[in-house]
Amino acid sequence: MNRMTVILAFFSLFGLGFSQAYSQPQSLFADYKAHSVGDIVTIYIVEFSTASNTASSKTDNSNKSGLTSGGGTGALKFLPLFGADLSYGNTFSGKGETSQRGQLKAKMSAKIVSQSPNGSLKIEGKKVVEINGDKQITVLTGWIRPEDISTDNVVYSYNIADAQISYQGKGVVNAAQKPGWITKLINWVF
């Protein structure tokens, strides 16, 4: 057995062991991609939403009526001169505008929890970051296609079907942003 055969046998066994360790039949030089239940995939959450709505309306309506008389003549001379004039106008102008913007950027990992018969993968992930008693909790669920997983084992959030992404904060900073119970009571009364 020459030296080259020993080296090839070593790399073949090393590559087989590496593939079995990750339960993925790939070569030694392939990138690792999640593909089965229990695997972890990295999610880049990149969500932007902008909505605006503008409406305006304008109506103008005017009516004018008039009645005049030159007075009676002859035997009807006693009838006085009279006249009436009526004008009516209605003008309406209305304008409304709403706008809303939202943005969320985050990076987290999610686990593949099931696989559908067509090969789609259901993922679930939760990330909790606590700083000085304030918690920031990100929860994500949805379905991804194996072909949307990049060679870096990354999926962008806009490729997730039925995505449910929630970002919540708990703690002193979050509580300071909410009105107190007196303010809530006054708003409820009035």
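This is a predicted model: local features need pLDDT of at least 70, side-chain atom pairs count only at pLDDT 80 or more; totals for chains, interfaces and linings use all residues.

Me: Which ring is stacked with Tyr-156?

Reply: Look at ring centres and planes. Tyr-158 is the stacked partner: the centres lie 5.5 Å apart and the planes meet at 10 degrees. Tyr-158 itself is exposed, at 56% relative accessible area.

Me: How many aromatic pairs are there by this rule?

Reply: The count is 2. Tyr-44 and Tyr-156 make an edge-to-face pair, with 5.5 Å between centres and 70 degrees between planes. This pair links distant parts of the chain: Tyr-44 lies in strand 1 and Tyr-156 in strand 5 (residues 154-156), 112 residues apart. Tyr-44 is partly exposed, at 26% relative accessibility. Tyr-44, Tyr-156 and Tyr-158 form one aromatic cluster.

Me: Now the core. Which residues touch the most other members of the largest nonpolar core?

Reply: The general idea comes first. In soluble globular proteins, nonpolar side chains tend to be buried together. Here the largest nonpolar core has 14 residues, and those touching the most other members are Val-41, Ile-43, Ile-123, Leu-140, Ile-144, Val-155 and Ile-160. Strand 1 (40-69), strand 2 (82-115), strand 3 (121-131) and strand 4 (134-144) each give two or more residues to this core.

Me: What is Val-155 in contact with, leaving aside its neighbours within four places in sequence?

Reply: Val-155 contacts Val-41, Thr-42, Ile-43, Tyr-44, Ile-144, Asp-148, Ile-149 and Ile-160. One of these, Tyr-44, also belongs to the aromatic cluster.

Definitions and conventions:
Residues are numbered from 1 along each chain as its sequence is written. Side-chain values use heavy atoms; hydrogens and water are left out. A nonpolar core is a set of buried Ala, Val, Leu, Ile, Met, Phe, Trp, Tyr and Cys residues joined through side-chain atoms within 4.5 Å. Buried means under 20% relative accessible area, exposed over 50%, partly exposed in between (1.4 Å probe, protein chains only). Helices (H or I, at least four residues) and strands (E, at least two) are DSSP runs, numbered from the N terminus. Contact means heavy atoms within 4.5 Å. Rings of Phe, Tyr and Trp (its six-membered ring) pair if their centres lie within 6.5 Å; planes under 30 degrees apart count as stacked, over 60 as edge-to-face and the rest as tilted.
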